[in-house]
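Q: I would like to learn how to read side-chain pairs, sheets and helix faces in a model. Could you take me through them in turn?

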Amino acid sequence: MASSRRPRRAGKPPARRGPARPRGGGRPGGGRPRGPASGRRNIRVTAAPEVAPSLGDGKIRINRFLAAAGICSRRAADDLVVQKRVTVNGDVVVGPGLTVDPDRDEVCLDGERVQPERHVYVLFNKPKDVVCTNARQPGQTRVVDYLGEVRGRLYTVGRLDADSLGLILLTNDGAFAQRIAHPSFGMPKTYAVLVRGRVDQAALDKARGGIWLAEGKTGGARIKVARTSRDRTYLKVTIREGKNREIRRVFSRLGHTVISLKRVRIGDLNLHGLRPGGYRFLSKAEVRHLIEQAESA
């Protein structure tokens with residue numbers, strides 16, 4: 001689905017040590033790409049750990065609710081419960097195992113209502129050598145480092161390895177992330193792949209039918225040969241499950257090293273108008289359509 005929303009560009013890059021920072025991001029159709037954002041006006045993105053989906057009925061544990069609202073860490077939230085400072089719908093919470101519905105329950109800390117975190121959905125064009133983890137490592141640039149002006153505790157929906165680039169989603173909505181990333185929903189993801197050598201029909205048929213890897217057989221792929229040269233083949237590959245480094249490993253088993261890999265679509269979303277390092281927010285219609293696609297798939 002196309003969107004009329006204009007892509008955002010990353011802000012001024014932060015001071016950092018180690019390798020030169022990546023260049024990317026910015027305006028559609030022109031302008032000089034920029035590096036990761038440093039954040040300003042006190043609205044920096046907060047790196048959050050991978051968040052498990054809700055318990056199936058829309059409810060989450062009280063400590064997760066308080067942490068997601070920016071009150072404190074989950075461990076500190078458990079201490080607040082022990083101190084009997086937290087109420088839900090007027091009743092004092094007596095145990096850390098209580099679950100709440102963020103959309104219906106009134107949670108208060110010391111008598112003041114805690115507002116649930118607003119869901120955020122971001123489409124990002126990941127440059128090469130940028131990692132999807134939120135954990136800080138010396139010399140590494142993370143996807144969230146590019147989103148310094150975005151409110152919320154964001155994490156990536158699935159992963160792209162550091163050598164891969166292209167479309168990746170970020171959110172703080174665990175249920176949405178589960179629908180998009182989990183293999184059981186089968187959301188199609190399309191990649192532009194360049195491999196070494198000329199891929200023959202027999203190899204294509206094997207890849208399309210599924211290849212046995214260490215953790216089991218792949219679910220197969222939809223593959224279109226875009227063009228070939230003397231010693232390279234350009235492919236469009238669509239998969240629905242996404243084992244760890246699946247496409248690279250599949251073609252390696254077939255005797256073809258992947259030279260470059262770029263994700264260009266998730267469902268109907270694409271990278272139109274986004275330079276490497278650039279991002280934009282998804283519209284409500286896009287979010288709704290992606291969920292419908294996942295459920296129908």
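A: Start with a definition: a salt bridge is a side-chain nitrogen of Lys or Arg within 4 Å of a carboxyl oxygen of Asp or Glu. The structure holds ten of them. This is a predicted model, where local features need pLDDT of at least 70 and side-chain atom pairs count only at pLDDT 80 or more, while totals for chains, interfaces and linings use all residues. Residues are numbered from 1 along each chain as its sequence is written, and side-chain values use heavy atoms, with hydrogens and water left out.

Q: What is the mean pLDDT of the protein chain?
A: pLDDT is the predictor's confidence in each residue, from 0 to 100. The mean here is 82, and 80% of the residues reach 70 or more. Two stretches call for care. Over residues 9-34 pLDDT stays under 50. Residues 38-56 also stay under 50. Contact means heavy atoms within 4.5 Å. Counting contacts beyond four places in sequence, the model has 67 for residues 9-34 and 49 for residues 38-56.

Q: Which parts of the chain does the pair of R245 and D161 link?
A: First, how elements are named: helices (H or I, at least four residues) and strands (E, at least two) are DSSP runs, numbered from the N terminus. R245 forms a salt bridge with D161, with the closest N and O atoms 3.3 Å apart. R245 sits in the loop between strand 17 (232-239) and helix 5 (246-253). D161 is in the loop between strand 11 (153-156) and strand 12 (165-171), and the two residues are 84 residues apart. The pair also belongs to a network: D161, R245 and R248 are linked by salt bridges.

Q: Which helices hold E295 and R179?
A: These two form a salt bridge, at 3.3 Å between the closest N and O atoms. E295 lies in helix 6 (residues 284-296) and R179 in helix 3 (residues 174-181), so the pair ties together parts 116 residues apart in sequence.

Q: Is E295 buried, partly exposed or exposed?
A: E295 has 48%, so E295 is partly exposed. R179 is partly exposed too, at 26%. D145 has 15%, so D145 counts as buried.

Q: What joins the side chains of D145 and R142?
A: A polar contact is a pair of N or O atoms within 3.5 Å; within protein, one must be able to donate a hydrogen and the other to accept it, and residues adjacent in sequence count only if both atoms are side-chain atoms. Here such a contact spans 2.8 Å.

Q: What is the strand order of the open sheet of four strands?
A: Strands of a sheet pair through backbone hydrogen bonds, either parallel or antiparallel. Two strands pair if DSSP finds at least two bridges between them. The order is 4-3-6-7, with antiparallel pairing. Strand 4 (91-92) and strand 7 (112-113) stand at the edges with a single partner strand each, so one side of each has no neighbour in the sheet. Strand 3 (residues 86-88) pairs with strand 4 over two bridges. V88 has D91 in strand 4 as its bridge partner.

Q: Which residues of helix 4 are buried?
A: In helix 4 (residues 201-209) they are A203, L204 and A207. Judge the face by the arc of the directions from the helix axis to the C-beta atoms. The buried residues fall within an arc of 100°, so they line one face of helix 4. They pack against strand 16 (222-228), strand 17 and helix 5. Just after helix 4, G210 takes a positive phi of about 110°.

Methods:
Buried means under 20% relative accessible area, exposed over 50%, partly exposed in between (1.4 Å probe, protein chains only).
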